[in-house]
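Keep the sequence and the coordinates open while reading.

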Amino acid sequence: MSAEQWRNDLIKTFEKFDADDNGRIDRGEFDSLLDALGSKMSADDRDTGFKIVDADGDGHISCDELATWWDVVREEGAG
């Protein structure tokens, strides 16, 4: 998959879970995303995950923050 296609897919996914269409994923929307992925993470683990992805600590995940985090996950999985 090309980098451009990967980015387009990520944007579509982000928009799907940005339920209020404000360009940010809040904690509840993050839970919806994890649920859709079949995650069985505890509430504490979800809190920790949210804080990791929310790199600037503003209480919301931007599409860029999600992309940056996903790049790290993909690299770690490939290594």
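A nonpolar core is a set of buried Ala, Val, Leu, Ile, Met, Phe, Trp, Tyr and Cys residues joined through side-chain atoms within 4.5 Å. Buried means under 20% relative accessible area, exposed means over 50%, and partly exposed lies in between, with a 1.4 Å probe and protein chains only. The model is predicted: local features need pLDDT of at least 70, side-chain atom pairs count only at pLDDT 80 or more, and totals for chains, interfaces and linings use all residues. Residues are numbered from 1 along each chain as its sequence is written, and side-chain values use heavy atoms, with hydrogens and water left out.

In soluble globular proteins, nonpolar side chains tend to be buried together. Here the largest nonpolar core has 14 residues, and L10, F14, I25, F30, I61 and L66 are those with the most contacts inside it. At least two residues of this core come from each of α1 (3–17), α2, α3 and α4 (63–78). Helices are DSSP runs of H or I with at least four residues, numbered from the N terminus. The most is given by α1, which supplies four residues of the core. Contact means heavy atoms within 4.5 Å. If residues up to four places away in sequence are not counted, L10 touches C63, L66 and A67.

How do α2 and α3 pack, and at what angle? Two packed helices are described by the angle between their axes and the distance between the axes. For helix α2 (residues 27–36) and helix α3 (residues 43–53) the angle is about 110 degrees, and the axes are 11 Å apart. The axes are lines fitted to C-alpha atoms, for helices over the stretch in contact, and the angles run from 0 to 180 degrees between N-to-C directions. Angles under 35 degrees count as roughly parallel, over 145 as roughly antiparallel, 65 to 115 as roughly perpendicular and the rest as oblique. Therefore α2 and α3 are roughly perpendicular to each other. On the α2 side the contact is made by R27, F30, D31, L34 and D35, and on the α3 side by A43, R46, D47, G49 and F50. The residues of this contact divide into four nonpolar, one polar and five charged. In this count Ala, Val, Leu, Ile, Met, Phe, Trp, Tyr, Cys and Pro are nonpolar, Asp, Glu, Lys and Arg are charged, and the others, Gly among them, are polar.

D31 lies in helix α2 and counts as partly exposed, at 22% relative accessibility. Its C-alpha atom is separated by 9.7 Å from that of M41, ten residues apart along the chain. D47 lies in helix α3 and is partly exposed, with a relative accessible area of 32%. The C-alpha atoms of D47 and F30, 17 residues apart along the chain, are 9.6 Å from each other.

Apart from neighbours within four places in sequence, E29 is in contact with F17, D18, A19, D20 and R24. In the loop between α1 and α2 sits D21, which counts as exposed at 66% relative accessibility. D21 has a positive phi of about 55 degrees although it is not a glycine.
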